[in-house]
Amino acid sequence: MEFFCYHRDRPGSLPLREELGEAHWAYMDRYEAELIARGPTFADDGETPTGSVHIVDLPDAAAARAFAFDEPNYQAGAYRDVLVRRWRNLLGRTMWEFPGGRTGGKRYLVLGLGSGDGADLDVPGARRDELIAYGPLLSDDGAVWVGTAALVRAADVQAARAVLTPERYAAIEVHDWEFGGRR
């Protein structure tokens, strides 16, 4: 089962994240084979981390919660909250298989939260080549749609936001994002 995890930084936690850098890397190394995508989000300055995205394939919701909440930065209090949702990989690939590669162009996390009938349940054909990861956010049992998450290469925030149908969501967040993992 695939899960989307978004750890949001607590304000002022950068020194703690820097201190725990190697512990975070070592922890993520244990999940290398299960990771579909990963990477940090940034403030408007493009420098200050605001969170960390991990899309991971694990046996069940309990394993996904353990993955998210045992992470060293979370355990030390660097994160203010964590979103853990079942997710469906509509592209059927990892970020490392993205044809556009790790560099070139701006990258974004687009997170649409909603309720009711699902929206954007199919991969947008016109933008497919720019999508790094794409899929619905679901309840633990996979039966209820609660939103959509995408990692996308786009010219700017507005172009990234256009991946989703705005009127179908209560809120859409767009965050600067970059490929994560050891280089």
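Strand S2 contributes the most to the lining of the largest pocket, giving 4 residues. The structure is a predicted model.

**Exercise 1.** Describe the largest pocket by its volume, its lining and the classes of its lining residues.

*Solution.* 
1. The space in the largest pocket comes to about 420 Å³.
2. Its lining consists of 20 residues, and those nearest the centre are Arg17, His24, Trp25, Pro40 and Pro49.
3. Two or more lining residues come from each of helix H1 (14-19), helix H2 (21-29), strand S2 (35-42) and strand S3 (49-57).
4. Sorted by class, the lining holds 8 polar, 6 nonpolar and 6 charged residues.

**Exercise 2.** Determine how the rings of Trp145 and Tyr169 are arranged, and where in the chain these residues lie.

*Solution.* 
1. The ring centres of Trp145 and Tyr169 are 5.6 Å apart, and rings pair if their centres lie within 6.5 Å.
2. The planes stand at 55°, so the pair is tilted.
3. Trp145 belongs to strand S7 (residues 145-154), whereas Tyr169 sits in the loop between helix H5 (157-161) and strand S8 (171-177).

**Exercise 3.** Classify Trp145 and Tyr169 as buried or exposed.

*Solution.* 
1. Buried means under 20% relative accessible area.
2. Trp145 has 7% and is therefore buried.
3. Tyr169 has 8%, so Tyr169 also counts as buried.

**Exercise 4.** State how many aromatic pairs the whole structure contains, and describe the pair of Tyr27 and Tyr31.

*Solution.* 
1. The search finds 6 aromatic pairs.
2. Tyr27 and Tyr31 form a tilted pair, at 5.4 Å centre to centre and 50° between the planes.
3. Both residues, Tyr27 and Tyr31, are buried.
4. Ring pairs join Tyr27, Tyr31 and Phe67 in a cluster.

Notes: Residues numbered from 1 in each chain as written. Predicted model: local features only at pLDDT ≥ 70, side-chain atom pairs only at ≥ 80, totals over all residues. Heavy atoms only, no water. 1 Å grid on protein atoms, 1.4 Å probe; cavity = no way out; pocket = protein on both sides within 12 Å on 5 of 7 lines; lining within 4 Å. Points joined across faces, edges and corners; volume = space filled by probe spheres on them. Nonpolar A, V, L, I, M, F, W, Y, C, P; charged D, E, K, R; others polar. Phe/Tyr/Trp six-rings, centres within 6.5 Å; stacked < 30°, edge-to-face > 60°. Buried < 20%, exposed > 50% of the residue type's maximum accessible area, 1.4 Å probe, protein only.
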